[in-house]
Protein chains: 2
Amino acid sequence: MISRTAEYALRAVLYLARVEDRRPVPVDDIAGALGAPRNYLSKTLNELARLGIANSQRGPAGGFWLNADPETLTVAALIEPFDDKRTSGMCLLGGRICDEEHPCGAHQLWSAAQEAARASIADLTIAQLIRTAPALEFDNENGRPLRTSIPA
Amino acid sequence: MISRTAEYALRAVLYLARVEDRRPVPVDDIAGALGAPRNYLSKTLNELARLGIANSQRGPAGGFWLNADPETLTVAALIEPFDDKRTSGMCLLGGRICDEEHPCGAHQLWSAAQEAARASIADLTIAQLIRTAPALEFDNENGRPLRTSIPA
DNA sequence: GATAATCATCATATGAAGATGCTGATTAAG
DNA sequence: CTTAATCAGCATCTTCATATGATGATTATC
């Protein structure tokens with residue numbers, strides 16, 4: 001449904017949104033908590049910084065911290081820059097003269113299904129998502145969650 | 001939302017469902033009508049035949065024709081074997097002890113969104129999809145649609 | 001049976017997403 | 001100023017969906 005990169009971005013933001021007083025968190029810590037590859041996540045976090053969603057700081061005690069407001073940042077807005085943009089755009093009936101101005105019935109049905117999925121997360125904010133879930137259980141020693149991934 | 005292969009499969013079935021008297025249609029014709037690569041579509045049609053959705057016949061005047069009943073074949077059932085099965089399955093909050101038995105709130109929200117999208121096409125049949133769209137405009141000469149793809 | 005049409009299938013190429021490793025740039029702390 | 005921590009970024013590798021080209025297997029028609 002969403003690309004893995006987009007999922008990393010979302011989970012990283014959810015993680016950062018829970019960090020007390022917005023102190024910088026090194027990529028290593030975030031990657032460890034998320035179970036994501038370090039350098040790959042680094043690129044994603046870098047992009048989040050460019051988007052203004054996070055801030056970054058180099059050097060000792062540096063890292064990433066959340067810049068956006070969790071109450072207004074929506075899931076849709078967050079993952080949009082990381083999501084797969086190659087939709088085929090072909091008419092399902094293949095051959096019918098059909099576009100956005102003159103959509104065929106099948107096209108309308110299909111678009112409606114896609115919109116239903118999109119709408120269900122369009123207005124969901126990071127803060128709402130966090131509030132619906134109980135607090136993470138952190139390890140007292142290093143501030144990392146006790147578990148980093150979920151078995152199938 | 002769905003893989004290109006799944007879309008080929010769906011459009012091929014929609015195409016075959018419109019063929020009068022279920023006569024065999026060569027891959028070349030179907031590929032031409034759909035604007036899909038011939039050999040690639042061939043594999044997909046072959047799979048449809050193995051699934052019992054279509055039949056195939058080699059030799060002159062051979063080809064593929066629909067076997068399944070458009071009134072009972074659903075879009076979901078059709079594209080399922082061709083769809084992308086690599087969902088990450090990771091908990092969005094990354095670190096919460098969370099599985100299907102003990103889902104976190106975020107997990108529930110996310111699953112609900114995915115299910116909403118899936119449900120919207122789960123019961124949609126091929127026949128319903130065709131009835132909502134006007135008939136294809138065929139070229140009298142070769143039986144192919146006048147247009148094979150839709151400009152962006 | 002020879003021929004041609006057609007499906008079946010294999011081997012390989014391509015492009016993008018995902019992942020890894022290395023090197024360079026920045027910066028706080030001593 | 002030196003050191004170490006950390007982000008920034010490049011080059012490459014892997015994997016997989018998608019696509020292409022060639023070859024073999026079947027079968028109707030003559």
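Visitor: Against which elements do the buried residues of H1(A) pack?

Guide: Helices and strands here are DSSP runs, helices being H or I with at least four residues and strands being E with at least two, numbered from the N terminus. A residue counts as buried if 20 or more other C-beta atoms lie within 10 Å of its own, as exposed if 12 or fewer do, and as partly exposed in between, with C-beta atoms placed from the backbone. In this predicted model, the buried residues of H1(A) pack against helix H2 (27-34), H3, strand E1 (54-57), E2, helix H4 (75-79) and helix H6 (126-131) of chain A. Two residues are in contact if their C-beta atoms, placed from the backbone, lie within 7 Å.

Visitor: Which residues of H1(A) are buried?

Guide: The buried residues are A:Glu7, A:Tyr8, A:Ala9, A:Leu10, A:Arg11, A:Ala12, A:Val13, A:Leu14, A:Tyr15 and A:Leu16. Because ten of the 14 residues of H1(A) are buried, the helix is largely enclosed by the rest of the structure.

Visitor: What span should helix H1 of chain A have?

Guide: The expected span of a helix is 1.5 Å times one less than its number of residues. For the 14 residues of H1(A), residues 4-17, this should give 20 Å, and the end C-alpha atoms are 20 Å apart, which agrees.

Visitor: How should the numbering and the confidence limits be read?

Guide: Residues are numbered from 1 along each chain as its sequence is written, while chains are lettered from A and ligands numbered from 1 in the order in which they are written. Local features need pLDDT of at least 70 and side-chain atom pairs count only at pLDDT 80 or more, whereas totals for chains, interfaces and linings use all residues.

Visitor: Where in chain A is confidence lowest, and where is it highest?

Guide: pLDDT is the predictor's confidence in each residue, from 0 to 100. Confidence in chain A is lowest in helix H5 (residues 105-122), at a mean of 73, and highest in E2(A), at 98; the mean pLDDT of the chain is 79, with 73% of its residues reaching 70 or more. Over residues 135-152 of chain A pLDDT stays under 50, and the model has 34 contacts beyond four places in sequence for them. Where pLDDT is low, the predicted coordinates should not be read in detail.

Visitor: Which residues come closest to DNA strand C?

Guide: A residue is near a strand or molecule if its C-beta atom, placed from the backbone, lies within 6 Å of it. Of the 25 residues that surround DNA strand C, the closest are A:Arg4, A:Thr5, A:Pro37, A:Asn39 and A:Gly59. Two or more residues each are given to this surface by H1 and H3 of chain A together with H3 and E2 of chain B, and the largest share, five residues, comes from H3(B).

Visitor: Which residues come nearest to DNA strand D?

Guide: Among the 24 residues around DNA strand D, B:Arg4, B:Thr5, B:Pro37, B:Asn39 and B:Gly59 come nearest. The largest share of the surface near DNA strand D, four residues, comes from H3(A).

Visitor: Is B:Ala61 buried or exposed?

Guide: B:Ala61, in the loop between E1 and E2 of chain B, is exposed, with 8 other C-beta atoms within 10 Å. Although B:Ala61 is not a glycine, it has a positive phi of about 65°.
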